[in-house]
Amino acid sequence: MSEDYRSMWTDLGLDLEAHDALLGVLGPAYQDIYLAQKDRPEGMGYFDFVMSEVHGLRIKELLDEKKAGRKIIGCYCVFVPEEIALAANATLVGLCSGADFATEEVEKLLPRNTCALIKSSFGFKLGKVCPYLESADMIVGENTCDGKKKAYETFKGLVDNLYVMDLPQVKSEQGRALLRSEYLRFKAAVEALTGVQITADSLRQAIRTVNAKRAAVHRLSALRKADPAPISGLDALLVNQVFFYDNPARFTASVEKICDELEARIAEGTGVFAEKAPRILVSGCPQAVPNWKLPLIVETAGAVIVGEESCVGERGARNLTDDSGETVAEMMEAIVDRYYQVDCAIFTPNPDRLAHIEEMAAAYKADGVIHYGLQFCQPYLMESIPVEAALEQKSIPTLRIETDYSMEDMGQLKTRIEAFIEQLR
Ligand code: SF4
Ligand code: SF4
């Protein structure tokens with residue numbers, strides 16, 4: 001950290017010793033995984049800076065925003081509309097955690113066979129190491145998978161500001177009506193929190209801000225179609241992860257800058273991997289920061305990840321919200337339309353997701369798909385079997401992996417992934 005933030009962390013109630021231990025692992029890991037890569041776009045320097053200050057400067061900014069009267073809302077799912085938060089003078093930050101922490105404490109509250117993502121969110125609270133969580137004025141949980149919805153019942157006892165959003169499980173008229181009523185209830189709760197009434201102008205502006213952020217990552221994704229790949233999957237994943245933390249306008253400008261650089265690389269025919277390096281599409285569970293295990297294994301084996309069918313990726317960021325409505329009601333409807341298309345595996349049935357994986361495999365010219373499933377994640381693991389069968393039927397080689405956040409299976413995963421990549425060459 002470039003400044004001494006210790007008093008800020010103490011004021012937030014963090015456990016400094018545990019927090020030091022976390023940063024003591026993260027810093028060197030970032031060095032080994034990210035900074036050791038070759039030929040990175042210069043624009044990634046901004047994201048390296050963001051990561052080096054992820055618990056420092058960004059938290060200070062959020063606390064300054066709070067002093068100026070803004071509210072901070074933390075969330076765990078891409079179904080929570082950032083547009084509504086921004087329009088009511090709040091900042092939305094992602095809280096999903098991608099590392100094990102305080103596992104022993106967590107397993108006193110949750111069954112051992114709970115997915116790593118849920119356990120991690122509990123671990124960061126119990127270990128008192130997440131300054132985002134501690135800065136939040138409201139924490140939004142959502143009734144998505146069974147693991148999450150039951151976990152929030154317990155999580156409610158750990159924090160005093162949990163708001164639970166109900167979500168449909170079926171894409172039907174009734175499902176859509178539930179999403180609409182839940183977004184209206186959320187809008188009222190955010191307005192009550194901030195004391196700011198959402199207007200047509202503030203909502204339109206918020207939609208445009210979020211659309212600009214999404215459009216920038218769409219531009220970045222489109223550039224990954226080039227061969228040789230102009231950016232590594234590791235770096236692209238990092239951009240997708242920072243999407244959830246950074247100031248939206250600054251993030252957008254930084255992604256656009258990288259895209260300018262990548263366009264120049266593509267015009268020169270240069271890339272980060274050799275031309276014809278095997279191209280992989282990753283599909284499945286979200287890879288929250290600092291979960292970089294899969295791309296690290298894939299890319300050190302000589303293949304390149306060209307897309308993520310994931311909530312930290314294209315499932316979460318695709319589709320813009322129509323900003324042409326004139327009234328708050330019309331724009332709220334546009335928000336419902338946009339989020340209703342998110343094809344999370346919690347929906348039954350969920351044919352849109354398979355169609356999107358196939359579409360992405362073709363668009364990014366993927367040679368193969370790796371389905372990334374977190375252990376004990378029923379929705380994605382269940383879905384991975386028919387997804388694999390359907391892709392194989394279309395002659396798209398597919399590898400299903402099931403893993404967690406530990407490094408114990410690195411060797412075994414490496415062997416399987418290297419064999420898969422060999423088969424694609
Ligand atoms: S995978 Fe489903 S539950 Fe998880 S963030 Fe995405 S939409 Fe939400
Ligand atoms: S990874 Fe699976 S089990 Fe875990 S929170 Fe997401 S949908 Fe639920």
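In which loop is Ser 395 found? Ser 395 sits in the loop between H18 and strand S8 (398-403), where helices (H or I, at least four residues) and strands (E, at least two) are DSSP runs numbered from the N terminus.

The model is predicted: local features need pLDDT of at least 70, side-chain atom pairs count only at pLDDT 80 or more, and totals for chains, interfaces and linings use all residues. Residues are numbered from 1 along each chain as its sequence is written, while chains are lettered from A and ligands numbered from 1 in the order in which they are written.

**Backbone features**

Most residues other than glycine have a negative phi, and most peptide bonds are trans. The exceptions below are grouped by feature.

| Residue(s) | Feature | Value |
|---|---|---|
| Asn 89 | positive phi | near 65° |
| Ser 395 | positive phi | about 60° |
| Asp 227 and Pro 228 | cis peptide bond, omega | about 0° |
| Thr 348 and Pro 349 | cis peptide bond, omega | about -15° |

Asn 89 lies in the loop between helix H5 (82-87) and strand S2 (90-94). Asn 89 is buried, with 20 other C-beta atoms within 10 Å, whereas Ser 395 counts as exposed, with 6 C-beta neighbours inside 10 Å. With C-beta atoms placed from the backbone, buried denotes 20 or more others within 10 Å, exposed 12 or fewer, and partly exposed the range in between.

Pro 228 occupies the loop between helix H11 (200-223) and helix H12 (233-242); Pro 349 is in the loop between helix H16 (328-340) and helix H17 (351-363).
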